[in-house]
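Please look through the structure below and follow one region after another, keeping the sequence at hand as you read.

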Amino acid sequence: MSFAGDVKTELCRGKLGDKSAAQAEACGVLLYCNRFTLDQVKIVTESPAFAKRLPGLFRKAFGLTFDEKGDPGTPGKRIFTIGDRAKLALLWEVCAFDPSDPAHHINYAVLEENCCRAAFLRGAFLAGGSVTDPQKGYHLELATTHLRVSRELHTLLLELGYTPKETTRKANYITYFKQSEAIEDFLTAIGAPIAAMELMNAKAEKLLRNGVNRRVNCDSANVQRAVTAASRQAQAIERVLAAHGRESLPPLLGEMAELRLAHPEMSLEELGRLCDPPVGKSGVNHRLRRLE
């Protein structure tokens, strides 16, 4: 199962709230499901947990049952529909939708309590949400076909302290987060703290892995620079010795020349410890520069 599927499964483990919370969650589902019009409600889901939760949610929220429940022909998907006029009229009434105005909106009357706001966001995510596996990246989105709903959701999230972004994709209006902290907070708020913890752990692992990679790359670069410098120094020393001989060098430079040729793999600190008397890195570097 995908990470998004795991999140929805975790969300559906929580018990249904009271009737007001159930109505808020159901309204979120309706505004973010596949179709909610004057003549039909159609909810398609790949989540077995959500498919199991839906009938109980609508019974508690509206006292309604779905007209049809079945396989839409695509493996792993379930479809729920309501086409009965009386049932649809009740949904429109409870959700405070005006049949003369086909543009849906969020009914803030059902979102007065914090628990109802969280329930509404949970329903919206269950019906129209997705979240990327944190091992691959950070992205959570809610997609609806209703422009006004998308704008009102953006305002609601701002009021709750979030900073979402908006875009469009085909006929859908997308509200999304890219910041890992915002996604963690959102998942925790709607009832998926375990998923939020998984995201935090994945982020910590990435930071640790990136830090190790940076150190390894830095060490590799340092080694490569040291090898290049040692090779250059050895070539310079060999040219000096070939042209002038060991006797032409002052004692300290002669010692350093012999040490570098004998130990091309050593660092400046290691060469310094072999000198008699030992010298520091800056002293070794100075003598090698003189030889070059």
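Lys170 is found in the loop between strand 7 and strand 8 (172-177), where helices (H or I, at least four residues) and strands (E, at least two) are DSSP runs, numbered from the N terminus. Lys170 has a positive phi of about 55°, although this residue is not a glycine. At 86% relative accessibility, Lys170 counts as exposed; in this text, buried means under 20% relative accessible area, exposed means over 50%, and partly exposed is what lies in between, with a 1.4 Å probe and protein chains only. The model is a predicted one, in which local features need pLDDT of at least 70 and side-chain atom pairs count only at pLDDT 80 or more, while totals for chains, interfaces and linings use all residues. Residues are numbered from 1 along each chain as its sequence is written, and side-chain values use heavy atoms, with hydrogens and water left out.

Another loop, the one between helix 10 (268-274) and helix 11 (281-291), holds Pro277, and the peptide bond that leads from Asp276 to Pro277 is cis, with omega near 0°.

Turning to the strands, Thr144 is found in strand 6 (residues 140-144) and, at 1% relative accessibility, counts as buried. What does Thr144 touch, not counting residues up to four places away in sequence? Contact here means heavy atoms within 4.5 Å, and by this rule Thr144 touches Leu31, Tyr32, Val149, Ser150, Ala171, Asn172 and Tyr173. A polar atom of the Thr144 side chain lies 2.7 Å from the backbone oxygen of Leu31, and a polar atom of that side chain lies 3.2 Å from the backbone nitrogen of His146. A polar contact is a pair of N or O atoms within 3.5 Å; within protein, one must be able to donate a hydrogen and the other to accept it, and residues adjacent in sequence count only if both atoms are side-chain atoms.

Leu31 leads on to helix 2, where Leu31 and Tyr32 are among the buried residues. Helix 2 (residues 19-32) has 14 residues and reaches 20 Å from its first C-alpha to its last, close to the 20 Å expected at 1.5 Å a residue, the expected span being 1.5 Å times one less than the number of residues. Helix 2 is mostly covered, with 12 of its 14 residues buried. Glu25 is also among the buried residues of helix 2, and Arg122 touches Glu25 as well as Leu11, Arg53 and Ile190, leaving out residues up to four places away in sequence. Arg122 itself lies in helix 5 (residues 114-128) and is buried, with a relative accessible area of 14%.

Strand 2 (residues 41-45) and strand 4 pair in the antiparallel sense over five bridges; two strands pair if DSSP finds at least two bridges between them. Within this pairing, Lys42 stands opposite Thr81 in strand 4. Four of the five residues of strand 4 (residues 78-82) are buried, so this strand is largely enclosed by the rest of the structure. Thr45 lies in strand 2 and counts as buried at 5% relative accessibility. Leaving aside neighbours within four places in sequence, Thr45 is in contact with Phe50, Ala51, Gly76, Lys77, Arg78 and Phe80, while the side chain of Thr45 reaches the backbone nitrogen of Ser47 at 3.0 Å. Thr45 and Ala127 are 82 residues apart in sequence and 7.3 Å apart in space, C-alpha to C-alpha.

The structure holds seven aromatic pairs, where rings of Phe, Tyr and Trp (its six-membered ring) pair if their centres lie within 6.5 Å, and planes under 30 degrees apart count as stacked, over 60 as edge-to-face and the rest as tilted. Phe58 and Phe66 form a tilted pair, 4.8 Å centre to centre with 45° between the planes, and both Phe58 and Phe66 are buried. Tyr162 and Phe186 form an edge-to-face pair, 6.1 Å centre to centre with 70° between the planes. This pair links distant parts of the chain, with Tyr162 in the loop between helix 6 (147-159) and strand 7 (165-169) and Phe186 in helix 7 (residues 180-190), 24 residues apart. Tyr162 is buried, with a relative accessible area of 11%, and Phe186 counts as buried at 0% relative accessibility. Ring pairs also link Phe58, Phe62, Phe66 and Phe80 into a cluster.
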